[in-house]
Amino acid sequence: MLNLKVLSGSMIAVLLAIGSYLTLISDPGSAVAPGAKNALADAAKAAQKTPSTSLTISDRTIGAAKVGMTFGGLKKALGSTAQFKVESPFMVDFDSVAVSRSGKVQYRIIYAAGTKLKDTDVIELLMTENSNYKTVQGVGPGMTLKQAEAIYGKATLSYNVDNEMREGVVFAKQPTRNIMFVPKADGKQFAGVYGAGKGGFYQTNKYHPNAVIKSVMVRQ
């Protein structure tokens, strides 16, 4: 198993650890009650208004930020309209630079803890919890998992005890695996309802009724 404490200096290893659950997930099963399909379809149609380019999440970008560009390049692109704040620690194994406008965080650049993000460093992982940002299909932070299923298909939630039990959700028809969705359910440790795991890996198609997409990540 990957040991993040040994490999935390390698951003490539960190990214592989975050995305490792994607390669283990089988085709998801249904988590939507048949009677709710019409209501969810209506919600999906309402959500599917194409966001402006400055607020779009794609397989490479969150707004103006793009994986593969340098931190300095993003600063130049945003100019004086943005503020940058280092958040250390941000979460286990990771620090971040929060990118804000008018006092509101738009998205974060995530990088390995214990390092400093320099202007010449390439951005490899982005994250947003800002509900203004959505994919072209209209999926973004704050949307319920049921609404997202109506757009992207059936959801599979999972976590691995060897990856700090970070939970993720993958949809059967999401257009790319470079976009990662992180779920939550208020009052619960996990958004998913899990049974027995295998080798420290837990997977389910069931989730709590209040489960939503907490954040969206884009990786290189």
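**Close-up views of the largest pocket and its neighbouring strands**

**View 1. Strands that contribute to the largest pocket.** At least two lining residues of the largest pocket come from each of three strands: S4 (83–91), S11 (179–184) and S13 (212–219). The largest share is supplied by S11, which gives 4 residues to the lining. The model shown here and in the following views is predicted.

**View 2. The lining of the largest pocket.** The volume of the largest pocket is about 520 Å³. Its lining consists of 25 residues, and those nearest the centre are Met91, Arg166, Glu167, Val182 and Lys214.

View 3. Strand S4, which supplies at least two residues of the pocket lining, pairs with S5 in the antiparallel sense over 6 bridges. Within this pairing, Phe84 is placed opposite Val99 of S5. The two strands form a hairpin with 2 residues between them, and Asp93 in the turn adopts a positive phi of about 80°.

**View 4. Strand S5 and its burial.** S5 spans residues 94–101 and is mostly covered, with 7 of its 8 residues buried. S5 takes part in a hairpin with S4 and in another with S6.

**View 5. The hairpin of S5 and S6.** Strand S6 covers residues 104–112 and runs antiparallel to S5, to which 8 bridges join it. Ser96 stands across from Ile110 of S6. Between S5 and S6 lie 2 residues, and Ser102 in this turn has a positive phi of about 55°.

Notes
Residues numbered from 1 in each chain as written. Predicted model: local features only at pLDDT ≥ 70, side-chain atom pairs only at ≥ 80, totals over all residues. Heavy atoms only, no water. 1 Å grid on protein atoms, 1.4 Å probe; cavity = no way out; pocket = protein on both sides within 12 Å on 5 of 7 lines; lining within 4 Å. Points joined across faces, edges and corners; volume = space filled by probe spheres on them. Buried < 20%, exposed > 50% of the residue type's maximum accessible area, 1.4 Å probe, protein only. Pairing = 2+ DSSP bridges.
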